[in-house]
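Let's take a walk through this model together, one stop at a time. Have the viewer open and follow along.

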Amino acid sequence: MTPPKIKALIMEARDFDRALTRIAHEILERNKGIQDLVLIGIKSRGEILAERLAAKIKGIEGSEVPFGALDITFYRDDAGTHRPEKAPTPTLLPFDVNKKKVILVDDVLYTGRSARAAIDQIIDFGRPTSIQYAVLVDRGHREFPIHADYVGKNIPSSSKEKVLVHVKESDGKDEVYIAEAEA
Amino acid sequence: MTWKSKDLLTLEELSASEITHILDTAASFKEVSTRSVKKVPALRGRTVVLFFHEPSTRTRISFELAAKRLSADILNVQTASSSLVKGETLIDTLKTLESMTIDAIVVRHKCSGVPQMLANITKATVINAGDGAHEHPTQGLLDLLTIREQKGKIEGLTVTIIGDITHSRVARSDIYGLTRLGAKVRVCAPPTLLPVGIEKMGVEVFHDLNKALDGTDVVYVLRLQLERQKNNLFPTIREYSLLYCVNNERLKRAKKDAIVMHPGPMNRGVEISSGVADGPKSMIDEQVTNGVAVRMAVLYLLQGEKEEKHV
């Protein structure tokens, strides 16, 4: 597989960090603090972003917000017809979701199908008070009635393009690109 | 890495990367079994037939649980209560099932090669749950998963398999899987219980248990298949036990951190002493737990054709 051709750099490390800081503040403002708050990232990059948001919230409020990670592979709507390239990894939710305000975190919101799968999976673990959705990038082209409560940046894109989110922990740099989809 | 096969018939036909992919997938299914809702919707609406022509408790229950935890529907077809006792051939039974649009069929049969034969004539996925003295691939995979979890790797380990190698499909699947992933395999049994030419599978042959255990990382004890011992392959069970029973005294020859495995059901005091079976080195319960995870991974990975779709 050839690497996708990069068309434009949309967010660099500073923009990336500012967006996360703003989202952290918005989460605290909307929920009036961290009471009953938990962060759940969608693997793999959502997990890293959830961890970063947890650190930011700790920096603002001074106490820890629990965070976990979901692997949604088994909940995908194409689970029975699609053979994944990557082996799934375990879901880690080290807390009870019952009566919690869940902030679901992902890197890119596109069709909304991942969010649907993630919501279904969370509900299998219990009944949260609410589920709110935070994404670094909203690129449009929804196929499901899903919207994000917190958005780092809206990036209008063509469905022929790819939006790539890179994070320090797994890709070396915090950056967001638009790239050509592979032919 | 994508595993593209329609069926799982043997470990012989799998590459090292395919085996690793199945084990990695199984590792995440283990987490599902620890939840309070032990179920994911991955195979919702699929029908899995458990087609068992030989007595089996743990394999059948393990497959049944695996399919249920993936939300598939299960159908149990057992020889005694099926049309096979009225003289219907296996192929006709399969065609009947296929006409009812099943998605996967898990087969156990006393004859080697039956799953292969069925796989050639059906569009459904066929999973071998043990055929004669040929292979038992999901047992091989769960053993590999257990070893990998306990030792962190498989490459470079020494694994000693003890017992009735001739009649053991478990031994064959384990040997294929372990050698493919780079382990050194020893087999140990009286000559009458070793098939001719076993060394061609890349194993080292021992007849003396003490020597075979020297410095080994994994001690794999096979069940002495009492139901298959009608040809006087050894004088008495007592004598077999004196020479080949794995007990704590003999286990001292293995590495300090060695683990002991057994595919079950055990004949306590025949091939394994209770002290070892219930001791701290025993991974027998862990094997059973991993069995469900491995079967979930196999059922999941074999469903559906490869199709590019972005979420």
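T122(B) sits in the loop that joins α4 (114-121) to β4 of chain B; helices here are DSSP runs of H or I with at least four residues, strands are runs of E with at least two, and both are numbered from the N terminus. Because T122(B) has 18 C-beta neighbours inside 10 Å, it counts as partly exposed. On that scale a residue is buried with 20 or more other C-beta atoms within 10 Å of its own, exposed with 12 or fewer, and partly exposed in between, the C-beta atoms being placed from the backbone. Leaving aside residues up to four places away in sequence, T122(B) touches L94(B) and E98(B), where a contact requires C-beta atoms, placed from the backbone, within 7 Å. I91(B) is 31 residues from T122(B) in sequence, and their C-alpha atoms are 9.4 Å apart.

A word on conventions before we go on. This is a predicted model, in which local features need pLDDT of at least 70 and side-chain atom pairs count only at pLDDT 80 or more, while totals for chains, interfaces and linings use all residues. Residues are numbered from 1 along each chain as its sequence is written, with chains lettered from A and ligands numbered from 1 in the order in which they are written.

Now zoom out to the domains of chain B. Domain 1 covers 16-135 + 289-302 and domain 2 covers 137-283, with bounds that come from an automatic or database domain assignment. Their C-alpha centres lie 26 Å apart. Where the two domains of chain B meet, 19 residues of domain 1 are in contact with 18 residues of domain 2. On the domain 1 side, the elements of chain B that give two or more residues are α1 (16-32), β4 (125-131) and α11 (284-302). The residues on that side divide into 9 nonpolar, 6 polar and 4 charged; Ala, Val, Leu, Ile, Met, Phe, Trp, Tyr, Cys and Pro count as nonpolar, Asp, Glu, Lys and Arg as charged, and the others, Gly among them, as polar.

How many residues of α11(B) are buried? The count is 14 of its 19, so this helix is mostly covered. From first C-alpha to last, α11(B) reaches 27 Å, close to the 27 Å expected at 1.5 Å a residue, a span worked out as 1.5 Å times one less than the number of residues.

Next, some backbone geometry. Most residues other than glycine have a negative phi, and most peptide bonds are trans. The bond from G264(B) to P265(B) is cis, with omega near -10 degrees, and P265(B) lies in the loop between β9 (259-261) and α10 (274-277) of chain B. Another cis bond runs from K43(A) to S44(A), with omega near 0 degrees; S44(A) is in the loop between β2 (37-42) and α2 (45-61) of chain A.

Positive phi values turn up too. K32(A), in the loop between α1 (13-31) and β2 of chain A, has phi near 55 degrees, and its 8 C-beta neighbours inside 10 Å are why it counts as exposed. S71(B) has a phi of about 70 degrees and is found in the loop between α2 (58-69) and β2 (73-78) of chain B.

Finally, confidence. The mean pLDDT of chain B is 91, and 97% of its residues reach 70 or more; pLDDT is the predictor's confidence in each residue, from 0 to 100. Over residues 306-311 of chain B the pLDDT is below 50. For the complex, the predictor gives an ipTM of 0.73 and a pTM of 0.86.
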